[in-house]
Amino acid sequence: MKNKTLKKYVIKYTLEFIVIVLGISVSFWVNQVAVEKNENKERVKILTQLKTEIEDIKKYTNDRMKYWQDDIDLYAMFLSSEFQINAIKEITSSKSRVEYNLIYYRDFEPPMNRYISIINTGSFKFIKSEGVKEALTRLHTINFSNINTSVQYEKLLKEHLIEIITKNHPELFVASNDSQISIEEYSKLLKIAIDKNPVLKSNLIIQQKYFETKKSLLMLYKYTLEELDYELNKTLEYY
């Protein structure tokens, strides 16, 4: 009788224990499913935001590539032994554009607000794709840094170029502000100054080399951008 009673209680409490364990396990599983669902929702949101930003960056880099190529072409025309004003006017009809090319540098500030926000808020942890993470890091650190380093060197060269022109060819600045002087006349003045001043010409040659380097770095940036776009599309298809 004693054994039967003991056995009865053993079975009873064993069943209760199993029910409790199953209840905890099911509750834990349901909670994990909910957490994973929320994380996936946040992950898709972040990936979609990055995808949108990529499209904005593409537009920005395409514009930059056009301007930088025009800068290279203008320098090539003024450094060439054959001066063709019509070729210059195909790029611009404004002498201020020519002057801008001489004394101002073009910065590189692609839209990165979403990426910066993801880094600052710690949301980067939701990105599981190694391909996306690697391309993102390469784009916004290595590629971005390389271009900006080139831009900073260009800025220093521009400052030196302004000193050379101010000291040796102030008439160029005067002519650029004179509304009576046409782009043809201004371009001829600039061409004469370049041909007569080897210091000015050598600085422009160096500047042109930096333009070419900057363009090559931008092409690498765009290549990484396309790679990131591919990885994002592939990852989003999974969800």
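Helices here are DSSP runs of at least four residues, numbered from the N terminus. With that in hand, welcome to this predicted model, in which helix α1 covers residues 2–79 and holds Leu47. The chain has an average pLDDT of 86, and 84% of its residues reach at least 70.

**Confidence**

- Of the chain's elements, α7 has the highest mean pLDDT, at 94, while α1 has the lowest, at 75.
- Where pLDDT is low, the predicted coordinates should not be read in detail.

**The nonpolar cores**

- The largest nonpolar core is made of 26 residues, and Phe108, Ile147 and Leu228 are the ones that touch the most other members.
- Helices α1, α4, α5 and α8 each give two or more residues to this core.
- The biggest share comes from α1, which gives 8 residues.
- Another core, of 25 residues, lies apart from this one, and its members include Phe78, Ala87, Ile164 and Leu200.
- Setting aside neighbours within four places in sequence, Phe108 is in contact with Tyr60, Thr61, Arg64, Trp68, Phe144, Ile147, Asn148, Val151, Leu218 and Tyr221.

**Where α7 meets α8**

- Helix α7 spans residues 183–196 and helix α8 spans residues 198–238; their axes come within 5 Å and cross at roughly 100 degrees.
- Angles of 65 to 115 degrees count as roughly perpendicular, so α7 is roughly perpendicular to α8.
- On the α7 side, the contact is made by Ala193, Ile194, Asp195 and Lys196, and on the α8 side by Pro198, Leu200, Lys201 and Leu204.
- By type, the residues of this contact are 5 nonpolar and 3 charged, with no polar ones.

**Residues to look up**

- Leu47 counts as buried because its relative accessibility is 1%, and buried means under 20%.
- Leu47 and Phe126 are 79 residues apart in sequence, yet their C-alpha atoms are 9.3 Å apart in space.
- His140 sits in helix α5, which runs over residues 130–168.
- With a relative accessibility of 7%, His140 is also a buried residue.
- Beyond its neighbours within four places in sequence, His140 is in contact with Ile57, Met112, Tyr115 and Tyr221.
- Ile116 belongs to helix α4, residues 113–121.
- A relative accessible area of 39% makes Ile116 partly exposed.

Conventions
Residues are numbered from 1 along each chain as its sequence is written. This is a predicted model: local features need pLDDT of at least 70, side-chain atom pairs count only at pLDDT 80 or more; totals for chains, interfaces and linings use all residues. Side-chain values use heavy atoms; hydrogens and water are left out. Axes are lines fitted to C-alpha atoms, for helices over the stretch in contact, and angles run from 0 to 180 degrees between N-to-C directions. Angles under 35 degrees count as roughly parallel, over 145 as roughly antiparallel, 65 to 115 as roughly perpendicular and the rest as oblique. Contact means heavy atoms within 4.5 Å. Ala, Val, Leu, Ile, Met, Phe, Trp, Tyr, Cys and Pro count as nonpolar, Asp, Glu, Lys and Arg as charged, and the others, Gly among them, as polar. Buried means under 20% relative accessible area, exposed over 50%, partly exposed in between (1.4 Å probe, protein chains only). pLDDT is the predictor's confidence in each residue, from 0 to 100. A nonpolar core is a set of buried Ala, Val, Leu, Ile, Met, Phe, Trp, Tyr and Cys residues joined through side-chain atoms within 4.5 Å.
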